[in-house]
Amino acid sequence: MTVRSGGIRPWTLTLAVLAAFTLSPAAALGQDEMRLAEQLVTTSASVQPGDHVVIAGGKHNMSMVEAIAIEANKAGGMVTMLVNSDRVFRSNWTEVPDEYLKHVPTYWKPWLDEVDVWIGLPAVENAQATFGDIPQQKFALAAESNQFFNDQLNSTPLRGVAIEYPTAAEAKQNGLDFGTYSAMQWAAVGADYGAISRRGNAIAEMLQGADEVHVTSPAGTDVRFAIGSRTVFVDDGIVTPDEADSKMFIERWATLPGGQVFTSIDEGSAEGTVAVAKTRCQYQPMTDVRFDIDDGYIGDFEAASNASCFESAMEPFEKAAMRLGGVSIGLNPALEVMEENGADYRPGDAAGMVWLQFGDNQLLGGKNETTGGMSFPVVNATVTVDGTVIVRDGVLVGG
């Protein structure tokens, strides 16, 4: 399982993620489930008659799983529902003998070759309680299994959508009251994705082939890297017909709420310093993080709190887990960074929010061959692409 921090969307799909995707707790409280289900089926995933459709979720969001299944059936899809739970996920890492964690689920290959659409709801209701104290060495044992999915997904026809939902537990983790958090999340789900798409495609065009991307922040981040020939992707909440035919799985995938431009980079081109006032490691705060980047690799890492978590999280994985693999820029105007009055929320989709991803970037067309990694938020970032500013002080330029 790839280690991630805060709000950035995971870019590595593992067996666990295929069942849970974002691992965000969920309950569509007060929402019109059938209306959202219809949107997911007909617009975001564009289910067609005869499509083989998998709908995966948890026992806590079964009513939404059922609503999506009903709409998918009505659209002519042939539906299979998969259900999981916190108890089963946790037992996999706490009760299963280590040698069994190394098993590679090759039986998934013929099945994934036949599935057309995957719609993923969170399978885990409380991710922190389920995974927060699991040693990274345990996750590293599943590295070969995780790599199996990295190797397979681009060759499958699979397209799909992941759905994130607000709950009181997740709001608490982010230091927010549930009312504020829930209202913001649902506003982001209902954002103007046409405008998000236009803005994202304009930024992607500027990033494509860039010789120098320069990211700075008031906290002290000052990093330069090249995009080069890497493909730049836009998640605008919809899988279009052209995207559905892409050879790259990541183009056939969308998230709600969505709104993000992301890409792998020329890994050896990164140089500079990353300085982050607040982030998380294994769901716990890690503050005043600072490290250098040389030839793309993290060096001289230090943090005022929880530095040992970084060391233990990265130690089980290959050196590539320490190399800058990608960057993302948020696009969704309904989401915002909140760090005052106890808040600890830096959503990767928030307009102008920048995250730097270290480690696995294989599904983005990158060359960091590892299943480990960690991402760091750059709050109030300024991003310059070949001399042109596209983000200034955490705000997208031109709006």
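1. Are F358 and F376 buried or exposed? In this predicted model, F358 is buried, and F376 is buried as well. The ring centres of F358 and F376 lie 5.8 Å apart with the planes at 80 degrees, so the pair counts as edge-to-face. The pair joins distant parts of the chain: F358 belongs to strand β14 (residues 354-359) and F376 to strand β15 (residues 373-378), 18 residues apart.

2. Strands β14 and β15 also belong to an open sheet of five strands, whose order is β7-β9-β13-β14-β15 and whose pairing is antiparallel. Strands β7 (232-235) and β15 stand at the edges with a single partner strand each, so one side of each has no neighbour in the sheet. From one strand to the next, the twist averages 20 degrees.

3. At the β7 end of this sheet, β7 pairs with strand β9 (residues 260-264) in the antiparallel sense over four bridges. Within the sheet, V234 stands opposite V261 in β9. Helix α12 (residues 193-207) lies across β7, β9 and β13 (324-330), and runs at about 170 degrees to β7.

4. A further open sheet has five strands in the order β2-β1-β3-β4-β8, here with parallel pairing. Its edge strands are β2 (78-84) and β8 (253-256), each of which pairs on one side only. The twist in this sheet averages 15 degrees from one strand to the next.

5. Strand β4 (residues 159-163) pairs with β8 in the parallel sense, over four bridges. A residue-level detail is that A162 stands opposite T255 in β8.

6. Helix α2 (residues 33-44) has L36, A37, L40, V41 and S44 buried. These residues cover an arc of only 130 degrees around the axis, so they are on the same side of α2. The general rule is that an α-helix has 3.6 residues a turn, so residues three or four places apart point the same way. After α2 comes S46, whose phi is positive, near 50 degrees.

7. Helix α9 (residues 143-153) is a further element to examine. Eight of its eleven residues are buried, so α9 is largely enclosed by the rest of the structure. The buried residues are S145, N146, Q147, F148, F149, N150, Q152 and L153.

8. Two of these α9 residues, F148 and F149, also take part in a cluster of ring pairs with Y107, W108, W111 and W118. The structure holds 18 aromatic pairs. One of them is formed by W111 and W118, edge-to-face, at 6.2 Å centre to centre and with 75 degrees between the planes.

9. Which residue lies over the face of Y297? The residue is K319, at 4.5 Å from the ring centre.

Methods
Residues numbered from 1 in each chain as written. Predicted model: local features only at pLDDT ≥ 70, side-chain atom pairs only at ≥ 80, totals over all residues. Heavy atoms only, no water. Buried < 20%, exposed > 50% of the residue type's maximum accessible area, 1.4 Å probe, protein only. Helix = DSSP H or I, 4+ residues; strand = E, 2+ residues; numbered from the N terminus. Phe/Tyr/Trp six-rings, centres within 6.5 Å; stacked < 30°, edge-to-face > 60°. Lys NZ or Arg CZ within 6 Å of the ring centre and 35° of its normal. Pairing = 2+ DSSP bridges. Axes fitted to C-alpha atoms, helices over the stretch in contact; angles between N-to-C directions. Contact = heavy atoms within 4.5 Å. Arc of directions from axis to C-beta.
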